[in-house]
Amino acid sequence: MTSTKHNTKHKSFKPFTARPALGLGTVVLAAALIPASAAAVETINLTVGSSHPTTIPWVGMIPEVFIPKVNEILAEEGEYEVRWMEAYAGQLYGTNATLTSIQDGIADIGWVFSYLEPSRMPLAQISAYTPFTTSDPELMLEVMNDLVRSEPALRAEWEDHDLVFLGATASDTYDIYTNFPVNGLDDLEGARISAPGVLGVWLEPVGSVPVDGTLASYYTDIQTGVSQGVVGLATGNLSARIYEVAPYITQVNLGVVFSGGLAINQFTWDGLPEAVQEALMEAGQTYTVAHGRDLAERYESSLERMVELGADQSTPVRVQALADEQRQQWIDGMPGLADQWVERNEGRGLPARELLNTYMDAMRERGHEPELAWDRN
C-alpha cells in the first residue's frame with residue numbers, strides 16, 4: 001500500500017540567467033512564471049483495489065470511469081494530481097475481506113462487497129430480503145446512493161468501519177440457470193440450485209433445495225453434480241461461462257440487489273485536500289450512474305452473447321421467459337422475508353422498519369410500484 005499521506009513533488013530548477021536580447025520586464029516575468037508552474041501541481045499517491053477482476057462490470061468501471069473522472073476534475077483545477085496504484089483480481093485481498101481491507105488501509109480505495117457482510121452491515125442487506133421490488137439497476141442504484149447518504153443508520157454501517165462511501169454498486173436482475181429444461185415451476189421442485197447467502201430463501205416458493213455458493217464455485221458445483229443450476233446474473237454468468245454447464249436460462253426477473261460500493265479509508269480521506277475529496281465524491285456519483293446504465297444494457301447483450309457462444313454446444317443455450325402466471329405464483333408464495341429481516345434487526349436496536357418503509361417509498365417516489373409491496377405485505 002502506498003502512503004495515505006499526500007506528497008508534494010518539488011522540482012528543482014536552475015537560477016535564471018538573462019540573455020542580452022531580452023528586456024528586463026521579460027526576464028522578471030519569466031522568472032516569476034517558471035517556479036510557479038513547476039510547483040503548481042501536488043501529487044497524491046492512492047492505491048485502489050478489488051477482490052474481483054476488471055472483467056466484472058462494476059470493477060471494470062473503476063479504471064474505465066472512476067479514475068479518469070477524478071483525473072479530469074483535478075486536471076481542470078490544476079492544483080493536484082493522483083498517482084494511482086491499481087491492484088485488482090485479489091492482488092491485495094480476497095472476496096471475504098473487502099470491508100476489512102479498506103478499513104485497515106491495505107488499499108486506500110476499493111470495492112466493498114457489503115452483500116457478504118451481513119453481520120457488520122445488516123441494514124445494507126435490505127434488497128436481498130425484498131426480491132421482486134425492481135428489475136431496474138439504474139433505479140436501484142439511484143435509490144441506494146441516496147439512502148446511504150441520507151439515512152444515518154445506513155450511513156453509519158460504513159462510517160463505523162472507517163469507510164467513506166463514494167458510490168453504489170448493484171447487480172442486474174437475477175434469473176435461473178439450469179442443466180435441465182424449465183417449462184414451469186413444477187420442474188424446479190426438488191432441484192438443487194446454487195445461490196449466494198439469503199438468495200437461497202428466494203427458492204422456497206418453488207420447492208428447490210438451495211446450495212450455498214458463489215460465482216467462483218458455480219461452474220464446478222454444476223459440473224460435479226453438487227447442484228443442478230444457479231440463481232444467477234447474466235453479466236456474471238457470461239464471464240464465468242456458466243452457460244456451458246447450465247444452458248437453460250429461465251428469465252424470472254427476481255430482482256436487482258444492492259451489492260456494495262466504492263469506499264475510501266477514513267484516515268486516507270481525512271488527509272486529503274478538500275478539492276480532492278470533492279473530486280472523489282463527484283467521480284463516485286459518475287461511476288454509479290455509468291454502472292447502472294451499463295448494467296441495463298449488458299443484461300440483454302449478455303444473454304445474446306451466451307446464446308451465440310453456446311450455439312454449438314451439445315446442448316445449445318436456450319433463453320425462455322417464465323410465464324406471467326407462473327411468475328405471479330412465485331411472487332405470491334414468497335415467505336415474509338422483509339418482516340423477518342425487520343424483526344431480527346429491530347431486536348438489535350436498528351431502525352429496520354423505518355428503513356424498509358423509506359426504501360419502498362423511495363421507489364414509489366420515482367414512479368415505480370414494487371411488484372411485491374414488502375412494507376404492506
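Colleague: Is Asp162 buried, partly exposed or exposed?

Modeller: Asp162 is partly exposed, with a relative accessible area of 36%. Bear in mind that this is a predicted model.

Colleague: Where is Asp162?

Modeller: Asp162 is in the loop between α5 (152–159) and β4. Its phi is near 60°, a positive value in a residue other than glycine.

Colleague: What about Phe132: what is its phi?

Modeller: Phi of Phe132 is near 60° too. That is again a positive value, and the residue is not glycine. Phe132 belongs to the loop between β3 and α4.

Colleague: And is Phe132 buried or exposed?

Modeller: Phe132 has 1% relative accessibility, so it counts as buried. The cut-off for buried is under 20%.

Colleague: Zoom out. How many helices and strands does the protein chain have?

Modeller: The protein chain has 12 helices and 11 strands. Buried residues make up 52% of its 377 residues.

Colleague: Now the sheets. What is the strand order in the open sheet of 5 strands?

Modeller: The order is β2-β1-β3-β10-β4, and the pairing is mixed. At the edges stand β2 (80–87) and β4 (163–170). Each has a single partner strand, so one side of each is left without a neighbour in the sheet. From one strand to the next, the twist averages 25°.

Colleague: How do β1 and β3 run, parallel or antiparallel?

Modeller: Parallel. Strand β1 (residues 42–49) is joined to strand β3 (residues 109–112) by 2 bridges. In β3, Gly110 is the bridge partner of Gly49.

Colleague: Which strands does α2 lie across?

Modeller: Helix α2 (residues 57–77) lies across β1, β2, β3, β4 and β10 (258–265). It runs at about 165° to β2.

Colleague: And α9, which strands does that one lie across?

Modeller: In this sheet, α9 (residues 274–309) lies across β1, β2, β3, β4 and β10. The helix runs at about 15° to β4. Helix α9 also lies across β5, β9 and β11, where it runs at about 155° to β9.

Colleague: Those belong to the other sheet. What order do its strands have?

Modeller: This open sheet of 6 strands has the order β7-β6-β8-β5-β9-β11, with mixed pairing. Its edge strands are β7 (209–212) and β11 (318–321), and each pairs on one side only. The twist averages 30° from one strand to the next.

Colleague: How many bridges join β5 to β9?

Modeller: There are 3 bridges between strand β5 (residues 174–178) and strand β9 (residues 248–251). Those two strands run antiparallel. Tyr177 stands opposite Ile249 in β9.

Colleague: Which strands does α6 touch?

Modeller: Helix α6 packs on the sheet and touches β6 (192–195) and β8 (229–233). The direction of α6 makes about 155° with that of β8.

Colleague: Stay with that helix. Which residues is Leu215 in contact with, leaving aside its neighbours within four places in sequence?

Modeller: Leu215 is in contact with Ile56, Gly236, Asn237 and Ala240. Leu215 lies in α6 (residues 215–223). The C-alpha atoms of Leu215 and Asn237 are separated by 7.5 Å, and the two residues are 22 apart along the chain. Leu215 counts as partly exposed, at 31% relative accessibility.

Colleague: Last topic, helix on helix. At what angle do α4 and α9 cross?

Modeller: The axes of α4 (residues 137–150) and α9 cross at roughly 155° and come within 8 Å. That makes α4 roughly antiparallel to α9. The crossing is right-handed.

Colleague: Which residues make the contact?

Modeller: From α4 they are Pro137, Glu138, Leu141, Asn145 and Arg149. From α9 they are Met281, Gln285, Thr288, His291, Gly292, Arg293, Leu295 and Ala296.

Colleague: How does the contact of α4 with α9 split by class?

Modeller: It has 5 nonpolar, 5 polar and 3 charged residues.

Key
Residues are numbered from 1 along each chain as its sequence is written. This is a predicted model: local features need pLDDT of at least 70, side-chain atom pairs count only at pLDDT 80 or more; totals for chains, interfaces and linings use all residues. Side-chain values use heavy atoms; hydrogens and water are left out. Two strands pair if DSSP finds at least two bridges between them. Helices (H or I, at least four residues) and strands (E, at least two) are DSSP runs, numbered from the N terminus. Axes are lines fitted to C-alpha atoms, for helices over the stretch in contact, and angles run from 0 to 180 degrees between N-to-C directions. Contact means heavy atoms within 4.5 Å. Angles under 35 degrees count as roughly parallel, over 145 as roughly antiparallel, 65 to 115 as roughly perpendicular and the rest as oblique. A crossing is left-handed if the near helix is turned anticlockwise from the far one by less than a right angle, and right-handed if clockwise. Ala, Val, Leu, Ile, Met, Phe, Trp, Tyr, Cys and Pro count as nonpolar, Asp, Glu, Lys and Arg as charged, and the others, Gly among them, as polar. Buried means under 20% relative accessible area, exposed over 50%, partly exposed in between (1.4 Å probe, protein chains only).
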